[in-house]
Amino acid sequence: MKPNQPFLSDIQEIRKRARQHMEKGAITDGYKADLETVLKVLNEALATELVCVLRYKRHQFMARGLNAQSVAEEFAEHAKEEQSHADQIAERITQLGGEPNFSPEGMLTRSHSEYVEGSTLVDMIKEDLVAERIAIESYSEIIRYLGENDPTSRRMMEEILAKEEEHADDMNNLIERVGKQK
Ligand SMILES: [Fe+2]
Ligand SMILES: [Fe+2]
């Protein structure tokens, strides 16, 4: 697993995919087509959160080394927060009359972020930072897309986005701390 290179093309693919869905939203002609896109995009955000839960849980239990315990605690806290994001999004999907997709089948395809195990503690933290950055990027697009058409979903995504920015900052600080003591 080489954490430095392969993500570039993946992020581009992810952005392209996210954009494709959004362009389908026909805002002028009837709410239905729009709602369909909103539900699709929210289900992708749900998959993103669920993959993040799984990745942070894996990292929590596989953390080894000098700072393992405090880093594992940080991973555990993030996993919990991603789970609560997933719950919020699922709730919103049902409010909109849709069905939250919790199927493990195709979850990684729906998710914007990836599941990378990482071998060392620093690798794990870096993978988490990459995943957070992907979430920040794609949630920002979702927020721009939602705009004034669905302010409730937008506000929810804005709150989640703020949390993902905190997460990225946490991971950034951890890399500095753990990386230096290596
Ligand atoms: Fe999240
Ligand atoms: Fe996060």
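Predicted model: local features only at pLDDT ≥ 70, side-chain atom pairs only at ≥ 80, totals over all residues.
Distant parts of the chain are linked by the pair Glu-82, in helix 3 (residues 68-95), and His-167, in helix 6 (residues 151-180), which lie 85 residues apart; helices are DSSP runs of H or I with at least four residues, numbered from the N terminus. Glu-82 also coordinates the iron ion (ligand 1), which is 3.9 Å from the iron ion (ligand 2).

Both Glu-82 and His-167 are buried, a term that denotes under 20% relative accessible area, with exposed set at over 50% and partly exposed in between (1.4 Å probe, protein chains only). Glu-81, also found in helix 3, counts as buried because its relative accessibility is 19%, and Glu-81 touches Lys-163 and His-167 when residues up to four places away in sequence are not counted, contact being heavy atoms within 4.5 Å.

Helix 5 (residues 121-146) is largely enclosed by the rest of the structure, because 22 of its 26 residues are buried. From first C-alpha to last, helix 5 reaches 37 Å, close to the expected 38 Å, a span defined as 1.5 Å times one less than the number of residues. Gly-147, with a positive phi near 45°, follows helix 5.

Residues are numbered from 1 along each chain as its sequence is written, while chains are lettered from A and ligands numbered from 1 in the order in which they are written. Local features need pLDDT of at least 70 and side-chain atom pairs count only at pLDDT 80 or more, whereas totals for chains, interfaces and linings use all residues, and side-chain values use heavy atoms, with hydrogens and water left out.

Note on methods:
Helix = DSSP H or I, 4+ residues; strand = E, 2+ residues; numbered from the N terminus. Donors = N, O, S within 2.8 Å, 3.2 Å for Na, K, Ca; no water.
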